[in-house]
Amino acid sequence: MLHLRGTVLPDGGTDLYVDDAGRVSAEPLAGAEVVDAPFILPGLVDAHCHVGIAAGGTPADLAECEEQAVTERGAGALLLRDCGSPTDTTPLRGRVDLPEIIRAARHLARPKRYIPGLSIDLDDPALLPDAVAEQAAAGDGWVKLVGDWIDRGMGADADLTPLWPDEVLKAAIDAAHAAGARVTAHVFGTEALHGLIGAGIDCIEHGTGLTDELIAEMAARGTALVPTLINVDTFPGIADKAGKYPAYAEHMRELHRTARDTVGRAIDAGVAVFAGTDAGGGIRHGWIADEVEALRQAGHPDPVGAASWTARSWLGRPGLEPGAPADLVVYREDPRRTPAVLRDPALVLLRGRRY
């Protein structure tokens with residue numbers, strides 16, 4: 001049993017008790033070990049990562065998936081929304097020493113319209129509703145679509161274009177909702193966003209092409225945004241390697257240039273914005289603190305909450321209420337006032353076990 005002596009965020013309560021089952025206790029526990037815990041947060045959330053994609057964008061084996069999850073744990077990220085993985089990580093489910101992974105199963109894309117080897121590629125877009133239903137059954141309440149990607153078939157004029165007709169998107173998202181799952185989509189440009197948001201999608205990943213009109217529609221519909229700003233910072237490098245496709249390269253540079261302003265406008269309009277790193281492949285795991293800082297720079301009024309208590313509520317997971325698993329992170333200073341401390345947890349407690 002533990003008595004964490006400190007301030008519990010976000011509400012500012014003092015002290016927190018953990019029982020011998022690893023859960024938050026509603027009452028003080030006599031004889032509990034006293035631990036100095038200046039600022040106590042619900043475990044951090046990486047709301048967009050990929051446990052199962054190795055460096056270079058190739059599938060990871062299960063041992064590497066475990067290493068990725070352990071790295072996230074060390075950074076205080078104790079709840080992970082996996083936004084598409086070629087590796088089935090269900091064998092890691094229920095491990096008391098690993099963060100919970102909310103899986104979106106496999107990306108759904110079209111042939112030659114995503115990173116090779118990562119997605120299920122549908123020859124006919126009309127197959128999407130059935131494929132969505134299958135991935136809804138395989139995942140943990142989320143399905144991931146590739147909404148746009150470069151179309152190299154356009155030659156030198158190649159640029160980001162949508163993968164799916166609007167009417168197919170509506171049927172696919174309806175199929176997911178009927179199965180009790182939510183849908184999100186990778187989208188960089190603007191064109192694909194109209195059909196996705198209009199079809200009732202639950203979340204947009206990246207969203208660098210959002211316009212004021214689309215932002216207003218997202219706010220009205222309650223569509224969330226996970227902008228993955230530290231991944232967007234790789235856009236200039238992507239553009240530099242795309243010399244054969246000058247229109248695409250210039251488009252990616254422009255999306256990068258305006259990304260933080262776009263996120264700021266979404267926040268101002270009332271869109272719910274959450275922290276996700278896009279870890280896996282080109283982004284290393286364990287960088288949630290960097291994404292929180294990027295959101296702060298973009299004008300998020302509560303970037304720590306976007307990676308903790310607010311994100312947990314959005315994903316249907318508890319904070320630090322009595323009876324909840326004691327998944328928490330302790331910092332020496334209040335991270336809302338000193339964001340840099342997020343990079344240096346004083347204590348990580350996962351289901352009541354210390355790390």
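Author: Let's start with a word we'll need a lot: buried means under 20% relative accessible area, exposed means over 50%, and partly exposed is in between (1.4 Å probe, protein chains only). This is a predicted model, where local features need pLDDT of at least 70 and side-chain atom pairs count only at pLDDT 80 or more, while totals for chains, interfaces and linings use all residues. Residues are numbered from 1 along each chain as its sequence is written, and side-chain values use heavy atoms, with hydrogens and water left out.

Reader: Fine. Why is Val304 called buried?

Author: Its relative accessible area is 4%, and the cut-off is under 20%, so Val304 counts as buried. Val304 sits in the loop between α9 (288-297) and α10 (309-314). Helices here are DSSP runs of H or I with at least four residues, strands are runs of E with at least two, and both are numbered from the N terminus.

Reader: What touches Val304?

Author: Leaving out residues up to four places away in sequence, Val304 touches Leu41, Val292, Trp309, Pro335, Arg336 and Leu342; a contact is heavy atoms within 4.5 Å. Thr234 is another matter: Val304 and Thr234 are 70 residues apart in sequence and 23 Å apart in space, C-alpha to C-alpha.

Reader: How do you know that Thr161 is buried?

Author: The same test applies: Thr161 has a relative accessible area of 16%, which is under 20%, so the label holds. Thr161 belongs to strand β14 (residues 160-162). Beyond residues up to four places away in sequence, Thr161 touches Arg113, Gly147, Asp148, Trp149, Asp151, Met154 and Glu191.

Reader: What makes the phi of Asp15 and of His206 worth a look?

Author: Asp15 has a positive phi of about 70° although it is not a glycine, and phi of His206, also a residue other than glycine, is near 80°. Asp15 lies in strand β2, His206 in strand β16 (residues 203-206).

Reader: Is Asp15 buried, exposed or partly exposed, and what about His206?

Author: Asp15 comes out at 29%, between the two cut-offs, so it is partly exposed. His206 comes out at 3%, under the 20% mark, so His206 is buried.

Reader: Which peptide bond is cis?

Author: The one joining Leu9 and Pro10, with omega about 10°. Pro10 lies in the loop between β1 (2-8) and β2 (13-18).

Reader: What makes a set of residues a nonpolar core?

Author: The members are buried Ala, Val, Leu, Ile, Met, Phe, Trp, Tyr and Cys residues joined through side-chain atoms within 4.5 Å. The largest such core has 92 residues, and Leu128, Leu145, Leu196 and Ile204 have the most contacts inside it. Helix α8 (residues 246-269) gives the most to this core, with eight residues. A second, separate core of 15 residues includes Leu16, Leu320, Ala326 and Leu347.

Reader: Which residues is Leu196 in contact with?

Author: Setting aside neighbours within four places in sequence, they are Leu145, Gly147, Leu169, Ile173, Ala185, Val187, Ile201 and Ile204. Leu196 is also one of the buried residues of helix α4 (residues 191-198), along with Ala192, Leu193, Gly195 and Ile197. After α4 comes Gly200, whose phi is positive, near 95°.

Reader: Where does UniProt place the domain?

Author: The record, an unreviewed entry, puts "domain: Amidohydrolase-related" at residues 39-335; such annotations may be inferred rather than shown by experiment. Over that stretch the chain is 35% helix and 20% strand, and the end C-alpha atoms are 8 Å apart.
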